[in-house]
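Reader: I'm new to this one. Can you walk me through it?

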Amino acid sequence: MSLHSAFRFLWTYLRPLSGFLLLLVTLLTGATVLRLLFPQLLRSLVDRTMEGAPLPELVLPAGLFLAAALLIQVLRITATMLSERIAWKATNALRLDLARHVLGLDLAFHKEHTPGELIERIDGDVTVLAGFFSQFVAQVGASLLLIGGVLVVLFTEGPLPGLVGLGSFALGIAAMLAVSSLSVKAWAGIRASSAEMMSFVEEHIAGREEVKALGADRYVLRRLMALSARHWRLRWRARALETTAAGVTYVTWVLGQFAMLLLAWSLYRNGSLSLGTAMMLFFYADLLGEPISTIRNQMDEMQRARAALGRLVKLKAVSPAITDGAGGALRDGPLSVTLERVSFQYEEGRLVLNDVSFHLEPGRTLGILGRTGSGKSSLIRLLCRFYDPQEGTVRIGGSDIRQLPLDELRSRIGLISQEVGLFGGTLRDNLALFNPAITDEQIWAAVHRLGLTGWFGRFEDGLDSRIGPAGGGLSAGEAQLLALVRLSLRDPGLVILDEFTARIDPVTEALLQRAVDRLLAGRTAIIIAHRLTTVERADDILVLDQGSILEWGPRRILARDTRSHYNRLRSAGSEEVLA
Ligand SMILES: Nc1ncnc2c1ncn2[C@@H]1O[C@H](COP(=O)(O)OP(=O)(O)OP(=O)(O)O)[C@@H](O)[C@H]1O
């Protein structure tokens with residue numbers, strides 16, 4: 001991306017902090033001006049001492065000299081603290097923006113990008129920007145001011161000191177430009193390798209149970225070692241290049257100082273300069289070194305920041321394919337569900353749902369059966385609008401769901417899958433999903449409604465009981481019971497239970513069934529199940545086979561019809577037919 005567009009992007013986040021930025025520039029300018037005056041004070045002190053001035057006359061220049069040294073440090077420390085503040089304020093705003101943006105992207109995007117990779121973007125790349133955000137303009141500006149000031153003073157002292165200063169500066173810049181480009185490419189490679197490593201770690205920590213159970217630890221460790229070895233090599237190379245660049249700049253700086261020292265010494269020897277002026281010239285030559293290395297560091301930072309910024313701008317440019325519709329709210333109460341000739345595929349040429357049509361009246365329960373891979377979960381994803389079908393229309397409560405605002409649609413659908421999402425925090429946080437508007441009374445009312453009061457007694461601290469990260473410490477059945485309470489609090493018009501009763505002991509299942517009965521009363525529901533018993537409460541049955549409807553109708557009629565597929569499944573009494 002061009003430097004101009006990079007600055008335009010950054011300015012969005014820096015603009016609200018322009019007051020702080022102005023203060024930073026003022027502090028750094030103040031410090032720079034004082035640093036330019038500092039050698040002049042030194043000259044006056046040395047010359048007066050050499051002239052044999054009495055001690056009281058030396059007190060003032062010595063005091064000024066010390067005060068200037070102290071003030072420079074105070075200004076620099078304040079400027080550093082302020083620039084950190086600017087950096088974190090600006091980048092936190094960017095972090096928040098990116099996190100919001102990424103959370104709003106489609107499921108299709110999240111399938112392609114692991115959480116580890118996204119964390120690296122939202123945190124790693126943004127942290128790289130943090131340094132750059134605060135430092136670049138202020139530091140480079142102050143350095144240029146210092147260099148300009150030093151050269152002006154040197155030329156004022158005579159053409160020779162001016163030319164030596166200019167020569168040493170030009171040499172320093174030329175050396176910097178020659179070597180610093182080497183480390184730039186290396187840094188781009190490092191961030192890419194870091195994202196790859198993060199995503200590998202995240203994926204394998206998430207799947208740790210399988211990794212352990214299947215004895216894949218050694219493979220995972222070997223692969224991680226290979227990734228970190230590559231990362232280390234890249235880092236080592238980049239650091240080596242960076243250190244070389246710093247070394248070259250340092251050598252040119254020393255050469256410049258040496259040239260000035262020789263000049264000052266010879267001019268002092270032939271009586272053209274006082275000792276104070278000779279020392280002053282040397283101090284000015286010394287001052288030239290630091291801004292050159294500051295600019296070099298900032299140039300490196302800029303290259304790193306540019307690479308990070310390029311990736312962030314690209315991420316921000318990804319727009320969700322699923323967007324809000326302009327329609328209004330859904331009606332209260334149970335919602336009908338209609339699919340009209342819906343066909344859907346994730347990838348070109350592989351239909352997952354093929355010309356599916358059905359209608360579910362408000363308040364009825366539909367049981368969906370089908371072998372694994374027949375398209376049941378995909379159908380649910382269409383209802384929640386995680387994807388849009390390529391053909392046909394999905395209606396909920398009579399409205400084409402593409403016309404509905406996404407928040408409205410998703411707030412009226414309650415979905416529970418086998419993997420309930422629980423978070424480290426209190427029971428209250430998990431049930432109210434961190435919504436402070438939901439009161440304890442409302443939570444307890446939902447618990448009573450679902451007949452779970454007795455079961456809740458196991459949580460000794462009531463709603464303050466703590467749940468481990470990712471629901472640690474709870475069984476799958478317990479997590480599902482909590483999910484039911486959570487869902488009941490949102491009062492959805494359509495409840496979807498995806499493979500709900502798998503992996504649960506009989507006692508918990510009985511509790512769960514009763515809670516589900518109570519939750520579904522007065523609501524429309526869709527239950528996906530591999531097991532026939534799970535759909536016994538359903539009013540209608542839909543059997544899917546390879547993305548097409550094999551059978552659909554009222555459960556009682558299908559159960560009586562000896563030719564129906566559902567009947568055959570029941571008489572076979574087999575779970576395997578479905579599994
Ligand atoms: N994100 C995806 N990208 C590409 N193909 C997918 C994706 N998700 C599912 N599929 C494919 O779509 C088909 C239907 O999958 P789906 O998960 O809907 O089936 P299912 O009936 O719910 O299966 P199961 O009972 O095993 O959960 C399968 O062939 C699957 O491989």
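Reader: Let's start with threonine 365. Is it buried or exposed?
Author: Threonine 365 is buried. Keep in mind that this is a predicted model. The relative accessible area of threonine 365 is 7%, and buried means under 20%.

Reader: Which element is threonine 365 in?
Author: Threonine 365 sits in strand 3, which covers residues 365-370.

Reader: How far is threonine 365 from leucine 544?
Author: Their C-alpha atoms are separated by 16 Å. Along the chain, threonine 365 and leucine 544 are 179 residues apart.

Reader: New topic: cavities. How many of 30 Å³ or more turn up in the whole structure?
Author: The search finds two. The largest cavity has a volume of about 50 Å³.

Reader: What lines the largest cavity?
Author: Ten residues do. Ala6, Phe132, Met302, Arg306 and Leu309 lie nearest its centre. Helix 1 (3-14), helix 5 (115-157) and helix 9 (275-317) are the elements that give two or more residues to this lining.

Reader: Which elements supply at least two residues of the pocket lining?
Author: Helix 3 (55-103), helix 4 (107-112), helix 10 (376-383), helix 11 (406-412), strand 6 (413-416) and helix 15 (476-490). By class, the lining of the largest pocket has 17 nonpolar, eight polar and twelve charged residues.

Reader: Back to helix 9. At roughly what angle do the axes of helix 8 and helix 9 cross?
Author: They cross at roughly 165° and come within 9 Å. Angles over 145 degrees count as roughly antiparallel, so helix 8 is roughly antiparallel to helix 9.

Reader: Is that crossing left-handed or right-handed?
Author: The crossing of helix 8 and helix 9 is right-handed. The contact of helix 8 with helix 9 involves 14 nonpolar, four polar and five charged residues.

Reader: Where is glycine 256?
Author: Glycine 256 is in helix 8. The residue is buried, because its relative accessible area is 6%.

Reader: What about phenylalanine 20? Which helix?
Author: Helix 2, residues 18-50. Phenylalanine 20 is partly exposed, with a relative accessible area of 28%. Phenylalanine 20 and tyrosine 387 are 44 Å apart in space, C-alpha to C-alpha, and 367 residues apart in sequence.

Reader: Now backbone angles. What is the phi of arginine 341?
Author: Arginine 341 has a positive phi of about 45°, although it is not a glycine. Most residues other than glycine have a negative phi.

Reader: Where is arginine 341, then?
Author: Arginine 341 is in strand 1, residues 337-345. With a relative accessible area of 55%, arginine 341 is exposed.

Reader: And aspartate 355? What is its phi near?
Author: Phi of aspartate 355 is near 55°, also a positive value in a residue other than glycine. Aspartate 355 is found in strand 2, residues 351-360. Aspartate 355 counts as partly exposed, at 36% relative accessibility.

Definitions and conventions:
Residues are numbered from 1 along each chain as its sequence is written. This is a predicted model: local features need pLDDT of at least 70, side-chain atom pairs count only at pLDDT 80 or more; totals for chains, interfaces and linings use all residues. Side-chain values use heavy atoms; hydrogens and water are left out. On a 1 Å grid over the protein atoms alone, a cavity is a set of points where a 1.4 Å probe fits but cannot get out, and a pocket is an open set with protein on both sides within 12 Å along at least five of seven lines; lining residues have an atom within 4 Å of a point. Grid points are joined across faces, edges and corners, and a volume is the space filled by probe spheres set on the points. Helices (H or I, at least four residues) and strands (E, at least two) are DSSP runs, numbered from the N terminus. Axes are lines fitted to C-alpha atoms, for helices over the stretch in contact, and angles run from 0 to 180 degrees between N-to-C directions. Angles under 35 degrees count as roughly parallel, over 145 as roughly antiparallel, 65 to 115 as roughly perpendicular and the rest as oblique. A crossing is left-handed if the near helix is turned anticlockwise from the far one by less than a right angle, and right-handed if clockwise. Ala, Val, Leu, Ile, Met, Phe, Trp, Tyr, Cys and Pro count as nonpolar, Asp, Glu, Lys and Arg as charged, and the others, Gly among them, as polar. Buried means under 20% relative accessible area, exposed over 50%, partly exposed in between (1.4 Å probe, protein chains only).
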